Amino acid sequence: MQKNYELLNFYAKKLKSDVLINGENGTGKGILARAIHILNQNKGDFVVQNCAGIPDTLFESEMFGYVSGAFTGADKRGRIGVFEKAHNGILFLDEIGDLPINQQAKLLRAIQRKVILKVGSNKEKKIETRFIYATNKNLFEEVREQTFREDFYYRLKGAEISIPPLRETKEDIE
């Protein structure tokens with residue numbers, strides 16, 4: 001864990017790239033993500049989006065927002081999505097390994113281009129956001145099983161922190 005704390009400090013203060021945090025459920029991935037935000041002294045917000053179970057029909061409006069009149073029942077003022085909420089801050093995409101393939105493609109495009117297109121709009125909006133991803137899955141295995149896009153995997157896999165389960169680091173219990 002000491003090595004992870006050193007990595008965390010380095011990624012927060014010296015490295016401006018996105019970060020992938022791997023670890024089983026309950027290992028503290030969200031805590032590390034928030035620590036990066038705090039240590040980075042980022043002026044923007046820390047926005048959390050759990051990627052597990054976002055219905056396909058709501059994915060784009062949750063992530064990118066929508067404009068007034070985009071669909072029946074849409075709020076008349078429109079809605080900002082999590083990408084826009086995290087502009088100039090950090091967007092923590094938790095359980096990224098649970099995204100279906102079609103959602104991965106939409107997300108990858110926005111992450112790579114740093115541009116979003118709200119539902120019902122034809123005008124792209126530039127965003128400046130740092131991304132932190134977390135997963136409890138072995139994404140390399142998911143790529144081999146063709147349940148995770150290879151190009152998305154390599155986009156996520158850069159700065160990385162792997163959190164061991166507590167049963168493997170019993171000395172950390174105290």
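Tutor: Let's start with a term: contact means heavy atoms within 4.5 Å. Keep in mind too that this is a predicted model. With that cut-off, and not counting residues up to four places away in sequence, Leu 93 touches Gln 49, Cys 51, Met 63, Leu 107, Ile 111, Phe 131, Ile 132, Tyr 133 and Ala 134.

Student: Where is Leu 93 found?

Tutor: Leu 93 is in strand β5.

Student: And why is Leu 93 called buried?

Tutor: Buried means under 20% relative accessible area. Leu 93 has a relative accessible area of 0%, so the residue is buried.

Student: What separates the C-alpha atoms of Leu 93 and Ile 132?

Tutor: They are 39 residues apart along the chain, with 6.2 Å between the two C-alpha atoms.

Student: What makes a group of residues a nonpolar core?

Tutor: The members have to be buried residues of the listed types, such as Leu, Ile, Met and Phe, joined through side-chain atoms within 4.5 Å. The largest such core here has 28 residues, and Met 63, Phe 83, Leu 93, Ile 96 and Leu 107 touch the most other members. Two or more residues each come from α3 (59–64), α4 (82–85), β5 (90–94), α5 (101–113), β8 (130–135), α6 (139–144) and α7 (150–156). The largest share, 4 residues, is from α5. There's also a second, separate core of 17 residues, which includes Ala 12, Ile 36, Ile 90 and Ile 161.

Student: Let's look at α5, then. What does α5 reach from its first C-alpha to its last?

Tutor: It reaches 19 Å over 13 residues, close to the 18 Å expected at 1.5 Å a residue. The buried residues of α5 are Gln 103, Gln 104, Leu 107, Leu 108, Ala 110 and Ile 111. Those buried residues pack against α3, α4, β5, β6 (115–117), β8 and α7.

Student: How far apart are Gln 103 and Phe 140?

Tutor: 18 Å in space, C-alpha to C-alpha, and 37 residues in sequence.

Student: Now α1. How do you know that its span agrees with a helix of 12 residues?

Tutor: At 1.5 Å a residue, helix α1 (residues 2–13) should span 16 Å. Its end C-alpha atoms are 17 Å apart, so the two agree.

Student: Which residues of α1 are buried?

Tutor: Asn 4, Leu 8, Tyr 11 and Ala 12. They cover an arc of only 95° around the axis, so they sit on the same side of α1. On the other side, Gln 2, Lys 3 and Glu 6 are exposed. The buried residues of α1 pack against β1 (19–23), α2 (29–40), β8 and β9 (159–163).

Student: Stepping back, how do you know that the radius of gyration agrees with a compact globule?

Tutor: For 174 residues a compact globule would have a radius near 16 Å, and the protein chain has 17 Å, so the value agrees. Along its principal axes the C-alpha trace spans about 55 × 40 × 25 Å. The chain has 7 helices and 9 strands, and buried residues make up 44% of its 174 residues.

Student: What share of the contacts joins residues at least 24 apart?

Tutor: 74%, among contacts between residues at least 6 apart in sequence.

How values were computed
Residues are numbered from 1 along each chain as its sequence is written. This is a predicted model: local features need pLDDT of at least 70, side-chain atom pairs count only at pLDDT 80 or more; totals for chains, interfaces and linings use all residues. Side-chain values use heavy atoms; hydrogens and water are left out. Buried means under 20% relative accessible area, exposed over 50%, partly exposed in between (1.4 Å probe, protein chains only). The expected span of a helix is 1.5 Å times one less than its number of residues. The arc is that of the directions from the helix axis to the C-beta atoms. The radius of gyration is taken over C-alpha atoms; the globule rule is 2.2 Å times the number of residues to the power 0.38.
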